[in-house]
Amino acid sequence: PTCERAMKWLRANQPSNEPLRLCWGDARIGNMIFRDAECVAVLDWEMATLGNPAQDLAWYMYLDRHHCEGIGVPRLEGFPSREETVVQWERLTGLDGRSTLEYYEIFAGLRFAAIMIRVVRQMKHYEVLPADSPFDIDNPASQLLAKILP
């Protein structure tokens, strides 16, 4: 149900005239290799696509939020705030991240919820989880998506 609401909202609010660039698709701290506190490589390009680069910013922001607020743990100290992250991304890319950030964060939430649905349904199929488990549609990813939906 949450994914259906998100799809309806996304269709009704799709931005137009967006920049078209190569998007990484899985921008998150766990897919970055650091040397001396500097990111020197990025991994996991299987979700790469052409689209608005704000997708990557929003995916990063959504997963950062999910991995603390979504699962009920404090955010790690030392990471830039949401505002600082957006300002730095805009400075480094020369693009506007604010005008479509809400849209792409909801899109990120939908993507992550869809991934969870697939993973959990596979777990049910292989009897890792009971067949009647509601975790495919009621999990931290879908709960956070429901929370951010207008």
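## Close-up views of a predicted model

**View 1. Helix α1 passes helix α5 in a left-handed crossing.** A crossing is left-handed if the near helix is turned anticlockwise from the far one by less than a right angle, and right-handed if clockwise. Helices (H or I, at least four residues) and strands (E, at least two) are DSSP runs, numbered from the N terminus. This is a predicted model: local features need pLDDT of at least 70, side-chain atom pairs count only at pLDDT 80 or more, and totals for chains, interfaces and linings use all residues. Residues are numbered from 1 along each chain as its sequence is written, and side-chain values use heavy atoms, with hydrogens and water left out.

Helix α1 covers residues 2-12. Its axis comes within 10 Å of the α5 axis, and the two cross at roughly 45 degrees. Axes are lines fitted to C-alpha atoms, for helices over the stretch in contact, and angles run from 0 to 180 degrees between N-to-C directions. That makes α1 oblique to α5. Angles under 35 degrees count as roughly parallel, over 145 as roughly antiparallel, 65 to 115 as roughly perpendicular and the rest as oblique. From α1, Thr2, Arg5 and Ala6 make the contact; from α5, Ser142, Leu145 and Ala146 do. Contact means heavy atoms within 4.5 Å. By class, this contact has 3 nonpolar, 2 polar and 1 charged residues. Ala, Val, Leu, Ile, Met, Phe, Trp, Tyr, Cys and Pro count as nonpolar, Asp, Glu, Lys and Arg as charged, and the others, Gly among them, as polar.

**View 2. Serine 142 is found in helix α5.** Serine 142 is buried, with a relative accessible area of 6%. Buried means under 20% relative accessible area, exposed over 50%, and partly exposed in between (1.4 Å probe, protein chains only). Leaving aside residues up to four places away in sequence, serine 142 touches Thr2, Ala113 and Ile137.

**View 3. Helices α2 and α5 pack at an angle of about 115 degrees.** Helix α2 spans residues 54-66 and helix α5 residues 140-148, and their axes are 10 Å apart. The two helices are therefore roughly perpendicular to each other. Their crossing is right-handed. Tyr62, Arg65 and His66 of α2 meet Pro140, Ala141, Leu144, Leu145, Lys147 and Ile148 of α5. By class, the contact has 6 nonpolar, 1 polar and 2 charged residues.

**View 4. Strands β2 and β3 pair in the antiparallel sense.** Strand β2 holds residues 32-35, strand β3 holds residues 38-42, and they share 4 bridges. Two strands pair if DSSP finds at least two bridges between them. Isoleucine 33 stands opposite alanine 41 in β3. Phenylalanine 34 stands opposite cysteine 39 in β3.

**View 5. Aspartate 36 sits in the loop between β2 and β3.** This hairpin has 2 residues between the strands, and aspartate 36 takes a positive phi near 50 degrees. At 74% relative accessibility, aspartate 36 counts as exposed. Aspartate 36 and alanine 114 are 78 residues apart in sequence and 36 Å apart in space, C-alpha to C-alpha.

**View 6. Threonine 100 lies in the loop between α3 and α4.** Helix α3 runs over 82-93 and helix α4 over 101-125. Threonine 100 is buried, with a relative accessible area of 10%. Not counting residues up to four places away in sequence, threonine 100 touches Pro15, Glu18, Asn52 and Ala54.
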